[in-house]
Amino acid sequence: GINAEYGDFSNKRVFLRVDFNVPLDKKTGEITNTQRIVAALPTIQQILDSNCRSLVLASHLGRPNGAVNPSMSLRPVSVVLQQLLSRDVNFLEDCVGEEVVRAVSDAPQGAVFLLENLRFHPEEEGSSLDANKKKSKMHT
């Protein structure tokens, strides 16, 4: 959980980086072990119990090399998280952009969001594949 020294989340939008890098069955895409999701539940629940305005969760999954890879989508995680929390989890198809900003801005009190895999963007990877399929550091 979160220590009270982190402050009051009441009526605030909270952004939380979580570790939902869960193992997936290569054939079915099913989550084979939910331990990392379960481990985040006490912190998530404490923030929700503090009457936050909304909670935005962000994670990476696998190593998609800065490109969209449907087999590494966090959508299945949102389904499991919704079951474990017994409340709606709004899955957003991206982690940046106007649609994400609009969804979070217009959210009802207590809404929970899970952003799409952060590593679908090369900026999050820290490196990407060059034309020869070799890892290369991003230069910004």
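Predicted model: local features only at pLDDT ≥ 70, side-chain atom pairs only at ≥ 80, totals over all residues.
**View 1. How confident is the predictor in this chain?** The protein chain has a mean pLDDT of 87, and 84% of its residues reach 70 or more; pLDDT is the predictor's confidence in each residue, from 0 to 100. Over residues 135-140 the pLDDT is below 50. Beyond near neighbours in sequence, that stretch still has 15 contacts in the model, a contact being heavy atoms within 4.5 Å. Residues are numbered from 1 along each chain as its sequence is written, and side-chain values use heavy atoms, leaving out hydrogens and water.

**View 2. Here's the open sheet of four strands.** Its order is β1-β2-β4-β3, with parallel pairing. Strands are DSSP runs (E, at least two residues), helices are too (H or I, at least four), and both are numbered from the N terminus; two strands pair if DSSP finds at least two bridges between them. β1 and β3 (90-91) sit at the edges with a single partner strand each, so one side of each has no neighbour in the sheet. Two bridges join β3 to β4, and N90 stands opposite F113 in β4.

**View 3. Now zoom in on strand β2 (residues 54-58).** Five bridges link β2 to β1 (residues 13-17), with L55 as the bridge partner of V14. Four bridges pair β2 with β4 (residues 111-114), and L57 stands opposite L114 there. Is β2 buried or exposed? Five of its five residues are buried, so β2 is largely enclosed by the rest of the structure. Buried means under 20% relative accessible area, exposed over 50%, and partly exposed in between (1.4 Å probe, protein chains only). Both faces are covered: S54, V56 and A58 on one side, L55 and L57 on the other.

**View 4. Meet the largest nonpolar core, with 26 residues.** A nonpolar core is a set of buried Ala, Val, Leu, Ile, Met, Phe, Trp, Tyr and Cys residues joined through side-chain atoms within 4.5 Å. F20, I44, L55, L57 and L81 have the most contacts inside this one. Helix α1 gives the most to this core, with six residues. Leaving aside neighbours within four places in sequence, I44 touches L16, F20, L55, L57, L81 and L85. Apart from this core lies another, of eleven residues, among them V56, L92, V100 and L115.
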